[in-house]
Amino acid sequence: MQLSTLPQDIKQYLIVTGNYWAFTLTDGALRMLVVLYFHQLGYNPLEIAMLFLFYEIFGVVTNLIGGWLGARIGLNRTMNIGLGLQIAALLMLVVPTHWLSVPYVMTVQALSGIAKDLNKMSAKSAIKAIVKSGEEGTLFKWVAILTGSKNALKGVGFFLGGLLLTLLGFTGAMWLMAIMLLLVWLFSLISLKSDLGKAKSKPKFSDVFSKSRAINILSAARLFLFAARDVWFVVALPVFLSQQFGWDHWWVGGFMATWVIGYGIVQSTTPRFISRDKFASTPSKVSGWALYLAAIPLLIAISLQAQLWTSLAVVVGLLLFGIVFAINSSLHSYLIVSLADSDGVSLDVGFYYMANAIGRLIGTVLSGWIFLEYGLAACLVVSSILLLLAGIISRRLPS
């Protein structure tokens, strides 16, 4: 069946998803390229974490402003702006190596962070605008597919980053990704619906802070959930695998990619084995998944500290963490879209992903600092504490 013959809502969903997929590939590859390339250049873990500082800081601001902007000018425009900014960020890295100072790369990462969160907020909000009111089962399924497939492709991006660094080098990888994304951007400019997600009345900027109690609680839980992941996953784990296990770029990129791909697959299939009515709307169940997750990094940390089955603990523990974290993330992603106001949905979704970005920011900085000072086991203990907080906060969600 050709794209032109599909129903309008399905067609728009596929275009939004395709945009998100293409962007995610470059985002995952760029992150892995930066971590591995600058580790190769001799940067320590904290310095590498600082490269992503502006990426996360500007993600916080972008989600807040981007949600308001999407409600005013339409989600098609905010998505296309995000694609354009990512192309610019990739091209800014096509420079001689001696130009790649920490301030310069931080600036480029700031641009990439703005691009990523504009794209992500637009994609998640667009689902609410596309799915008909009251079709909660369809909403849960479509959000899960979008989120899960995105993370699976981010895993492919990690693998792609390690592969491209090996085959083409850092500059060659930037050129290839920029050209690929440019083609997607041109198609999106032509094909994406112009009034997607635009509010009936133009919201004031102050409206971004006017949230329901449920959205505030869910946003706070999301902050701690993603801080708990990134405190050991973003910087500490890739460097640990390289230093302690002696893995090269190919192995680190491949392993991280496999993890994220599996994580994405679990996210996509969550609606098949979790009933929305039985689990997603019950605070104790949402909280329970976070508390189950908290036990996993703690057990890995104990194994590392005791020096028992270190390699097995890290590999198997990471796989288990990915499965349970994927269920948590999938439930959260559905709940925010479901709870968001249909008129100007991006206002609520943007606020929620602002909290997500704050969590990533905290986790990224802590990942570099704690690993440098105390090692991976300490990062895992902090992760467990943050997950306990996420579980406790989630219990306050209204039924």
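Arg229 and Asp230 form a salt bridge, with the closest N and O atoms 2.7 Å apart. The model is a predicted one. A search of the whole structure turns up three salt bridges.

**The Arg229–Asp230 pair**

- Arg229 has a relative accessible area of 9%. The cut-off for buried is under 20%, so Arg229 counts as buried.
- Asp230 has a relative accessibility of 2%, so Asp230 is buried too.
- The N and O atoms that come closest in this pair are 2.7 Å apart.

**The network around Asp117**

- Lys116, Asp117 and Arg360 are joined in a network of salt bridges.
- Lys116 bonds to Asp117 through a salt bridge, and the closest N and O atoms are 3.7 Å apart.
- Lys116 and Asp117 are both buried.
- Arg360 also makes a salt bridge with Asp117, with 3.3 Å between the closest N and O atoms.
- Arg360 sits in helix H14 (residues 345-374) and Asp117 in helix H5 (residues 102-130), so this pair ties together parts 243 residues apart in sequence.
- Arg360 is buried, as is Asp117.

**Helix H9**

- The buried residues of H9 are Ala236, Leu237, Pro238, Val239, Phe240, Leu241 and Ser242.

**H8 against H15**

- The crossing of H8 and H15 is left-handed.
- On the H8 side, the contact is made by Ile217, Ala220, Ala221, Phe224, Leu225, Ala227, Ala228, Val231 and Trp232.
- On the H15 side, the contact is made by Leu376, Cys379, Leu380, Val382, Ser383, Leu386, Leu387, Leu389, Ala390, Ile393 and Ser394.
- The residues of this H8–H15 contact divide into 18 nonpolar and two polar, with no charged residue.

Methods
Residues numbered from 1 in each chain as written. Predicted model: local features only at pLDDT ≥ 70, side-chain atom pairs only at ≥ 80, totals over all residues. Heavy atoms only, no water. Salt bridge = Lys/Arg side-chain N within 4 Å of Asp/Glu carboxyl O. Buried < 20%, exposed > 50% of the residue type's maximum accessible area, 1.4 Å probe, protein only. Helix = DSSP H or I, 4+ residues; strand = E, 2+ residues; numbered from the N terminus. Left-handed = near helix turned anticlockwise from the far one by under 90°. Contact = heavy atoms within 4.5 Å. Nonpolar A, V, L, I, M, F, W, Y, C, P; charged D, E, K, R; others polar.
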